[in-house]
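Let us walk through this structure together, one stop at a time.

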Amino acid sequence: MTGLTTAPRPRLDIPPRYRPAGIATGAVVAIALILVHWYAAVQTNTSPKELLEGWRGLWNFLFGVDRTYPNGKTIHQDGAFPLDLRWSETIRPGLEYCLLTIWIGLLGTTLSIPAALFFAVISSRTTNRFVPLWFLGRGVMSVLRAVPETVYALMFIAAVGFGAFPGVIALAIHNVAVMGKLWSEAMDEVDQGPVEALRVAGASPVQSAAHAVLPAVMPSLLGLLLYRFDTNVRSSVILGTVGAGGIGFFIKTEVDSFHFDTMMTYVCMVIVLIIVIDLFSAWLRKKVGTV
Amino acid sequence: MRADHLSSGAMLRVDGLRKAFGEKTVLDGLSFEVASGEVVSLLGANGSGKSTSLRCVVGLERPDGGTITVDGVSARPGETTGARSSGELARPLAPSEGVTARSAEAVPTVAMVFQKIHLVPRRSVLDNVCAGALGRLSLSRSWSVLAFPREVQAEAMACLDRVGLADRAREKAGRLSGGQQQRVAVARALCQRAQVLLADEPVSALDPAASEQVMNLLRSLADDDGLAVAAVLHQPDLARRFSDRILGLAGGRLVFDSSSEVTDQAVADLYRPALEALEAAEAAEAAVAGSTAPKESTDSATKEFA
């Protein structure tokens with residue numbers, strides 16, 4: 001169109017996308033990964049053959065089997081399907097157990113808030129510039145987090161006996177460490193500008209935390225809290241299977257007494273419960289304005 | 001009028017300030033003074049040390065050497081000069097060579113406003129202004145916005161009125177325009193009872209009308225309230241119109257200090273080293289074909305010290 005486009009442009013070589021060194025590194029990493037997985041499969045007896053051989057047992061579990069004993073009697077062992085749908089014996093108690101599971105997850109989350117906030121504040125560079133205390137906070141949380149909820153639950157069951165309460169305590173302790181870490185990371189990422197501005201105004205670290213950091217991260221903290229509530233309800237199902245109350249406890253009891261149909265009904269209720277909590281938490285997080 | 005202010009003695013005195021970030025020297029013996037009632041502009045290319053010098057004065061950076069004196073009182077290096085000014089002004093101290101830690105004595109308040117304003121957008125305008133008073137409030141009176149004493153809130157309202165935004169007190173700071181937010185930031189500085197106001201590119205993010213308004217406000221704070229104002233600017237034109245003196249910085253040193261009649265040539269010279277450095281970097285890059293690393297590092301270094 002104009003004189004600008006008429007000058008021929010020089011032809012340049014297109015730089016290669018991959019370098020030979022990069023290709024070699026990629027190959028080494030790929031081979032190493034394949035070897036590690038092959039070794040892991042050997043160690044765990046994972047093979048298509050095992051899966052085929054386990055197929056029959058799985059079928060019997062799902063749909064029942066007639067067992068013939070040496071004395072000539074044949075007894076039908078019920079499978080997981082059809083489901084046990086008796087209202088007063090199975091479904092109504094199942095709903096109550098589900099609610100109990102929610103209460104365990106709720107209290108486990110809520111009771112951990114003060115300590116989680118404390119550890120988050122001392123473990124974030126934004127709110128705590130005193131390095132020894134920062135290390136202490138990080139260290140305590142790492143140790144608490146290294147122990148799974150289930151192990152805490154086993155310990156508290158040993159101490160206070162079966163029931164929902166040890167589940168609540170186990171979740172709360174584990175959640176202090178996990179939520180504290182998530183919260184402190186959220187605080188680390190906060191815009192440092194207002195923090196600096198308040199430092200110039202002579203604010204102490206606690207004052208900057210209260211007036212610059214917390215207002216900025218509050219939506220993130222709420223979002224993470226809801227996410228942890230969601231996760232803790234799931235965890236409390238598992239805690240139940242080791243004896244810490246809720247629907248998990250009854251799944252374990254039924255499977256131990258070979259009532260696979262009742263067990264499967266409870267499993268279906270857990271699926272619905274988890275999906276409902278998940279949707280609710282996502283909806284609420286959206287309302288709060290995060291994610 | 002301006003001579004009067006100058007004769008009343010320097011409110012802020014910076015002497016032989018040195019600061020290096022790793023290998024890179026940013027401040028190389030910078031000295032300047034700002035008197036009460038005076039607006040001083042700092043001009044200079046990116047990396048000339050303008051912002052760093054202000055950040056050293058308020059204690060956001062710790063200088064490697066030199067002294068900072070506010071109203072005759074030495075500032076403790078690396079400590080915020082806004083901290084704990086309970087009104088008991090300590091005895092004037094002789095400027096000491098190098099940096100020595102001072103015992104805990106009150107320093108008159110130095111406040112700062114920033115290019116990015118740095119309000120808390122979710123908080124109300126009034127709460128943001130109240131935050132300027134944090135340095136003189138105990139934790140029991142400041143753990144939450146609900147604990148702010150009525151006197152502080154009343155003082156904050158007065159500060160808001162000074163910048164013409166008293167009617168917006170209960171709105172969220174984030175809902176205001178950029179120019180209004182910068183005025184709220186100035187109100188926060190006033191609520192800090194600042195005697196020295198430092199402004200780090202206060203209008204760089206604002207449109208011309210808002211810039212005008214903020215610069216007028218800074219001018220009036222110097223003229224009517226007797227504050228000592230030092231502003232880093234990137235607009236020589238605004239500097240000429242609103243300041244009593246213009247300081248030209250290059251390579252961390254003062255290259256001119258003049259009452260506003262600065263020649264265009266002097267200003268252009270100020271930015272020439274940066275332009276030359278840029279051209280040199282591009283030439284070097286062209287010479288080292290294929291490697292992009294050096295350019296990136298120069299760029300990030302320049303940004304960091306801007």
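Which residues of α5(A) meet α7(A), and which residues in α7(A) do they meet? From α5(A) come A:R138, A:M141, A:L144 and A:R145, and in α7(A) they meet A:I173, A:H174, A:V176, A:A177, A:V178, A:G180, A:K181, A:S184 and A:D188. Contact here means heavy atoms within 4.5 Å. Helices (H or I, at least four residues) and strands (E, at least two) are DSSP runs, numbered from the N terminus.

Before going on, a word on the ground rules. This is a predicted model, in which local features need pLDDT of at least 70 and side-chain atom pairs count only at pLDDT 80 or more, while totals for chains, interfaces and linings use all residues. Residues are numbered from 1 along each chain as its sequence is written, chains are lettered from A and ligands numbered from 1 in the order in which they are written, and side-chain values use heavy atoms, with hydrogens and water left out.

Helix α5 (residues 131-146) of chain A and helix α7 (residues 164-188) of chain A have axes that come within 8 Å and cross at roughly 135°. That makes α5(A) oblique to α7(A). Axes are lines fitted to C-alpha atoms, for helices over the stretch in contact, and angles run from 0 to 180 degrees between N-to-C directions. Angles under 35 degrees count as roughly parallel, over 145 as roughly antiparallel, 65 to 115 as roughly perpendicular and the rest as oblique. The crossing of α5(A) and α7(A) is left-handed; a crossing gets that name if the near helix is turned anticlockwise from the far one by less than a right angle, and is right-handed if clockwise. By class, the contact of α5(A) with α7(A) holds six nonpolar, three polar and four charged residues. Ala, Val, Leu, Ile, Met, Phe, Trp, Tyr, Cys and Pro count as nonpolar, Asp, Glu, Lys and Arg as charged, and the others, Gly among them, as polar.

Now follow α7(A) to another partner. The axis of helix α3 (residues 87-110) of chain A comes within 7 Å of that of α7(A), and the two cross at roughly 40°. α3(A) and α7(A) are therefore oblique to each other, and this crossing is right-handed. Among the α3(A) residues in the contact are A:L100, A:I104 and A:G105, while those in α7(A) include A:A164, A:G167 and A:V168. The contact of α3(A) with α7(A) has eight nonpolar, five polar and no charged residues.

Further along chain A, the axes of helix α9 (residues 205-241) and helix α10 (residues 247-256) come within 6 Å and cross at roughly 40°. The crossing of α9(A) and α10(A) is right-handed. Here A:V237, A:G240 and A:T241 in α9(A) meet A:I247, A:G248, A:F249 and A:K252 in α10(A). Past α10, the loop between α10 and α11 (260-288) of chain A holds A:F258, a residue other than glycine with a positive phi near 60°.

How far does the confidence reach in chain B? Its mean pLDDT (the predictor's confidence in each residue, from 0 to 100) is 80, and 78% of its residues reach 70 or more. Over residues 1-7 of chain B, pLDDT stays under 50, and residues 292-306 of chain B also stay under 50. Where pLDDT is low, the predicted coordinates should not be read in detail.
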